[in-house]
Amino acid sequence: MSNKIFSLTSAIMFGGSVAFADVPKVVADIAPVHSLVARVMNGVGNPNLIIPAAASPHDYQMRPSEARSIQDADIIFWMGEDLTPWLSKALSSLAEGTPVSTLLEVDGIDLLDFREGALFEAHDDHKDDDDHDDHKDHDDHDDHDDHDDHDDHKDDDDHDDHDDHKDDDDHDDHDDHKDDDDHDDHDDHKDDDDHDGHNHGDHDPHAWLSPTIAKVWLNEIAAKLSAIDPDNAGAYFSNAASAKQDLDSMSAEINMLLDPIRDKKFVVFHDAYQYFEKDFNISASGAISLGDASNPSPARLAEVRDRVIDESIQCVLAEPQFNKGLVTAVVEGTDANTAVIDPLGVGLDIGPLLYEDLIRKLASNLAKCF
């Protein structure tokens, strides 16, 4: 890790070929996307972040400073309406005429359907595809990490520090984002477990948890940035290529880490991890909450708890953004261990290093739960 940080720092300090004038103002919606953009921009500039990692993107309420960053942006990267439907209106009104890259719509990635049921039976076969072939239909793929929309996305990755991504004091403390009534336990904004009442899109939007997909996006980010800033195109594509190589190395390490637990059973807090599961050939046995993180009904909690008991499930996973009391209700009186996994990067330094740190920490905490 120290060598990686040194190489990133060196690129910033000694990258004499990088043009620093008129650096585009770039905005990203969530911390993992911000991290990928920051990695591609390394040595050129720093993007701004809209949604703090400590907040749920499903129902976040922007501050005025975050709205201004959208209004002032030269280009915006966001996941798409399936993750943040509330942001679509803001982009329409604040970013009229600004290039917007919707990552869930990028060619060369395969989106997964939501798993509505608490126990996922209808979706268990998603992990049995040979070498994850449905993730990759492109020329230059050699292993399960392959996935291309832009020729070389397969064989190449990484991240940095976050101080300069935020000029407003609004980002100094993320705690107050979580303490508002509509962010705490998500009681007020969603119906209990009424599947028809959930306003999610057609596909599971948590695709950033697939390093395979992230490699496709690195090329997309480099291409979009190069289109508005051709003077730095070489730096953008070079950074993207380096980042993809790092992601390949990281994925190989994670596969070794997860080998001992591939057949073990675990339950996640909300159904956000199937892209990670597919990349690394593991499979959750259920989720306490739906993919939009809405509060589960008592019936759903009972269904998950019964599975934990009946199948002696060893691990139930919480998330820092959501009500840990629901996990306690599921595991109380059972032999299941609990651990915290995080899809967004709470507590990690915002910047180029966050994405890889996030995926490593997710895998590590999952393995430790057993």
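Me: Helices (H or I, at least four residues) and strands (E, at least two) are DSSP runs, numbered from the N terminus. How many helices and strands does the secondary structure of the chain come to?

Reply: This is a predicted model, where local features need pLDDT of at least 70, side-chain atom pairs count only at pLDDT 80 or more, and totals for chains, interfaces and linings use all residues. Residues are numbered from 1 along each chain as its sequence is written, and side-chain values use heavy atoms, with hydrogens and water left out. The secondary structure comes to eleven helices and eight strands.

Me: What share of the chain do buried residues make up?

Reply: Buried means under 20% relative accessible area, exposed over 50%, and partly exposed in between (1.4 Å probe, protein chains only). The chain has 370 residues, and the buried share is 58%.

Me: How many salt bridges does a search of the whole structure find?

Reply: Side chains of opposite charge can pair when their charged atoms come close. A salt bridge is a side-chain nitrogen of Lys or Arg within 4 Å of a carboxyl oxygen of Asp or Glu. The search of the whole structure gives ten.

Me: Which residue forms a salt bridge with Lys-215, and why does the pair tie together parts of the chain?

Reply: The closest N and O atoms of the pair are 2.5 Å apart. Lys-215 lies in helix α6 (residues 211-228) and its partner in helix α7 (residues 233-258), so the bridge ties together parts that are 33 residues apart in sequence. Both residues are buried. The partner is Asp-248.

Me: Which residue pairs with Arg-360 in a salt bridge?

Reply: The closest N and O atoms are 2.5 Å apart. The bridge links distant parts of the chain, from helix α11 (residues 354-368) to helix α7, 107 residues apart. Arg-360 is partly exposed, at 23% relative accessibility. Its partner, partly exposed at 39%, is Glu-253.

Me: Is Arg-307 buried or exposed?

Reply: The side chain of Arg-307 meets that of Glu-311 in a salt bridge (3.3 Å, N to O). Glu-311 has a relative accessible area of 31%, so Glu-311 is partly exposed. Arg-307 has 15% relative accessibility, so Arg-307 counts as buried.

Me: Where does Asp-263 lie?

Reply: Asp-263 has 75% relative accessibility, so Asp-263 counts as exposed. Its C-alpha atom is separated by 7.4 Å from that of Ile-282, 19 residues apart along the chain. Asp-263 lies in the loop between α7 and β5 (266-270).
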